[in-house]
Amino acid sequence: MRSIWNGAISFGLVSIPIKLVNATESHTISFRQIHTEDGGRIRYRKVCELEDREVGSGEIGKGWEDADGTIIPITDEELSHLPIPTAKTIEIVAFVPEDRIDPLQMDAAYYLQAGGAPAAKPYTLLREALKRSNKVAIAKYALRGRERLGMLRVVGDAIAMHGLLWPDEVRAPEGVAPDTPVTVRDKELDLADALMDTLGEVDLDDLHDQYREAVEELVAAKAAGEAPPEAPTAPSGGKVLDLMAALEKSVRAAKQSRGEEPAEKDAEEGAEVRALPQRKSARTAPKRTDAKKSTSTAKKSASSGTARKTTAKTTQATKKTTASKSTSTTKSTSAAKRTTAAKKTTAKKTPAKKTTSRKRTA
C-alpha cells in the first residue's frame with residue numbers, strides 16, 4: 001500500500017518512525033458529465049481571471065482571501081516551517097477509554113505502518129500497551145495543511161488511527177428531536193424489543209452495496225447492446241393503521257424472512273383481499289344453517305311449550321281423580337260403619353222380644 005504521509009509517533013520520549021496508509025477505499029461508481037446531444041465530455045478548465053487563459057497545475061498555488069477580497073499568497077514552504085510540533089509528528093497527548101470518543105467525531109481511518117526495522121520494537125511496545133490497558137490513544141497531527149485530532153487503537157497486529165473532528169466541529173442536536181410530547185406505552189416497547197430480538201445480529205462481512213452492483217449490471221448490459229435489467233416490483237405493505245400495527249407487522253415480516261412463521265396477509269393493514277368463489281358459498285352457508293337452526297329452535301320451543309301444557313293438564317286431572325277417589329273412599333267407609341252399627345242395634349233388640357214371648361207362654 002502506498003503511504004500518504006511519513007513521520008513519527010511521539011510517545012513520551014519514545015519516537016516511532018511510521019508511514020501513514022489509507023485504511024479504507026471507496027468503491028463508489030463515478031459518472032462523467034457529457035453533452036447529451038453528441039456524448040462529448042464536459043470538462044472544467046482552470047482559467048486565470050486576470051489573463052483570461054487556462055493555466056496548468058504547476059502554476060497554481062494557495063492563497064488566503066481576506067475579508068475585503070484581497071488574496072494573500074501562502075506557499076507550501078511557509079506552511080512546512082510553521083512552529084507546531086505536529087508538522088511531522090503524531091503526538092500522543094492522552095490515553096482514554098474507547099467509549100469516551102463520540103462516534104460523531106469519527107473521520108477518515110488510516111493504518112500506521114512501522115517505518116523500518118528500528119521501529120519494530122517501539123511499535124510493538126505501543127501496540128501491546130494499548131491492548132493491555134483497553135484504552136485508546138488521543139493524538140494530534142498535521143495533514144494536508146491543517147492540524148488534526150486522531151485516535152489510535154489496535155486492529156489485529158497493527159495500529160490504526162481514526163481522524164477525529166475537533167469538538168467544536170460537531171454540531172449540537174438542537175431542534176432535531178421532536179418537540180411534541182409523546183407517550184410510549186409498555187406494549188409498544190415490548191414489540192420493539194421483540195423486533196430487535198427477531199432481527200438479531202448480522203455479520204457485517206455479509207453486507208454489500210446492492211446499488212453499485214445494479215449500476216455495474218446496467219453498464220455491462222448497455223455496453224453489450226442488451227436491454228437493461230428491470231427492477232423488481234417492490235411489495236406494497238399497505239397503509240399502517242398505527243404504531244402497534246407497524247411493529248407487529250415488522251415482527252411477522254422478520255420472522256417470515258427467517259422462515260420462523262408462515263406468510264400471512266392482513267386485510268386490516270391495507271392489503272388487497274380477493275374474494276374466491278368457494279369463500280362466497282362458505283359465507284352463504286352459515287346464513288342457511290342459522291335459519292334452519294332458528295326454525296328447529298322455534299319448533300323445539302313450541303313442542304316444549306305444548307308438552308308443558310299437556311303435562312300440566314295431566315297433573316291436574318290426576319289430582320282431581322285422586323281427590324274424587326279419596327272422597328268416594330271416605331263415603332264408602334262412613335256407610336259401612338253406619339251399616340255395622342245398625343246391625344248391632346237390631347241384634348240387641350231381637351233377644352228381648354223372644355224372652356217376653358216365652359214368659360207369656362209359660
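Biologist: Before we start, what counts as a helix or a strand here?

Modeller: Helices (H or I, at least four residues) and strands (E, at least two) are DSSP runs, numbered from the N terminus. By that rule, the protein chain comes to 6 helices and 11 strands. This is a predicted model, where local features need pLDDT of at least 70 and side-chain atom pairs count only at pLDDT 80 or more, while totals for chains, interfaces and linings use all residues. Residues are numbered from 1 along each chain as its sequence is written, and side-chain values use heavy atoms, leaving out hydrogens and water.

Biologist: Good to know! Why is Trp166 called partly exposed?

Modeller: Buried means under 20% relative accessible area and exposed over 50%, with partly exposed in between (1.4 Å probe, protein chains only). Trp166 has 23% relative accessibility, so it counts as partly exposed. You will find Trp166 in the loop between E11 and H3.

Biologist: What makes Glu147 a polar contact of Trp166?

Modeller: A polar contact is a pair of N or O atoms within 3.5 Å; within protein, one must be able to donate a hydrogen and the other to accept it, and residues adjacent in sequence count only if both atoms are side-chain atoms. Here the backbone oxygen of Glu147 lies 3.3 Å from a polar side-chain atom of Trp166. The two residues are 19 apart along the chain, with 9.9 Å between their C-alpha atoms.

Biologist: How do you know that the buried residues of H3 line one face?

Modeller: In H3, Glu188, Leu191, Leu195 and Thr198 are buried. Viewed down the helix axis, the buried residues fall within an arc of 85° (taken from the directions from the axis to the C-beta atoms), so they line one face of H3. On the other side, Asp186, Met196 and Asp197 are exposed. The cover over the buried residues of H3 includes helix H5 (243-257).

Biologist: And what makes the span of H3 close to the expected one?

Modeller: The expected span is 1.5 Å times one less than the number of residues. H3 (residues 186-199) has 14 residues and reaches 20 Å from first C-alpha to last, close to the 20 Å expected.

Biologist: Lastly, what is a nonpolar core, and which residues have the most contacts inside the largest one?

Modeller: A nonpolar core is a set of buried Ala, Val, Leu, Ile, Met, Phe, Trp, Tyr and Cys residues joined through side-chain atoms within 4.5 Å. The largest has 20 residues, and those with the most contacts inside it are Ile9, Ile18, Ile90, Leu112, Leu126, Leu152 and Met161. Strand E9 gives the most to this core, with 4 residues.

How values were computed: Contact means heavy atoms within 4.5 Å.
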